[in-house]
Amino acid sequence: MTDSSSAGKPRLFYSEGSPYARICRMALRERGLGQTVDEAVTTLRDPAAAVLPYNPVGRVPALALPDGTTLTETTLILGWLDGHGGRPGMMPASASGQATYGRVLGLLDGVAVWNRELRRPVSERSPSVIALELARANRVADVLESQAAQGAFSTVDAGFLALAAVLGYAERRHTVWKWREGRPCLDQWFAQASRRAAFCETLPPPSGI
Ligand SMILES: N[C@@H](CCC(=O)N[C@@H](CS)C(=O)NCC(=O)O)C(=O)O
């Protein structure tokens, strides 16, 4: 889709509650691109959403570029951001770093499905979907706990940001998941990650779930 008023800066559409958009918003800050890319809040699942003329999928994050191109999908946007600015990029170069990022993103995908179930009326929720996603989340988190115990997530990269986003989401918008239980290393890691300016400046509002 094209942007008829596309002469300005790239614009990153986000919603305040979106952990995916938060990954990109934290990357913007960690990479010092705050002056290069504007941020624009949008509603979601709304025919009047500001993002819709740019992204017919209607999801965030979406990065509208001055030439009329709109990039969607967190990983593609991280890749674009990595191509701009002088600081080290966020996408890990190594296969193991990429595997870790993919693992955390898979955790986030599962938690997002689980959360969506909980936003339905009780009579429309699927207990089997919830059980599956709970098991998936705990299974992945156990592996991440082992990784954290061995010193993973000590560098700020895509895996770090995705982990901060998913645990931050669990902290404020998906509190039904007691991810800290039996995971002291992740707990400690999260306490430290939470102090970063990029994290503090992108806190999502609590959802009551
Ligand atoms: N695979 C996408 C997922 C993005 C996504 O699901 N975003 C949610 C917000 S957390 C969204 O925009 N939902 C609106 C909708 O589904 O209509 C990515 O990696 O960016």
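**View 1. R45 in the loop between β2 and β3.** R45 sits in the loop that links β2 to β3. The structure shown here and in the other views is a predicted model. Phi of R45 is near 50 degrees. That is a positive value, and R45 is a residue other than glycine.

**View 2. The cis peptide bond from V60 to P61.** The loop between β2 and β3 also holds P61. The bond that leads from V60 into P61 is cis. Its omega is near 5 degrees.

**View 3. Strand β1 beside strand β2.** Strand β1 covers residues 11-14 and strand β2 covers residues 38-41. The two strands run parallel and are joined by four bridges. To find the pairing in this view, look for F13, which stands opposite A40 of β2. With α1, the strands β1 and β2 form a β-α-β unit, and this unit is right-handed.

**View 4. Strand β1 beside strand β3.** Strand β3 is made of residues 62-64. β1 and β3 run antiparallel, with three bridges between them. Here R11 is the residue to look for: R11 stands opposite A64 of β3.

View 5. An unreviewed UniProt entry carries the annotation "domain: GST N-terminal" for residues 8-89. In the model, 26% of the chain over residues 8-89 is helix and 17% is strand.

**View 6. The largest pocket and the residues at its centre.** The volume of the largest pocket is about 870 Å³. Its lining consists of 28 residues, and those closest to the centre are Y20, L44, R59, V60 and R116.

**View 7. The lining of the largest pocket.** Which helix gives the most to this lining? The answer is α3, with six residues. Helices α1 (19-30), α2 (74-82) and α3 (95-118) each contribute at least two residues. Sorted by class, eleven lining residues are nonpolar, ten are polar and seven are charged.

**View 8. The largest pocket between two domains.** Why does the largest pocket lie between domain 1 and domain 2? Domain 1 (11-82) and domain 2 (95-196) both supply residues to the lining, so the pocket lies between them.

Technical notes
Residues numbered from 1 in each chain as written. Predicted model: local features only at pLDDT ≥ 70, side-chain atom pairs only at ≥ 80, totals over all residues. Heavy atoms only, no water. 1 Å grid on protein atoms, 1.4 Å probe; cavity = no way out; pocket = protein on both sides within 12 Å on 5 of 7 lines; lining within 4 Å. Points joined across faces, edges and corners; volume = space filled by probe spheres on them. Nonpolar A, V, L, I, M, F, W, Y, C, P; charged D, E, K, R; others polar. Domains from an automatic or database assignment. UniProt positions renumbered as here; feature names shortened; annotations may be inferred. Pairing = 2+ DSSP bridges. Right-handed = clockwise from strand over helix to strand, strands pointing away.
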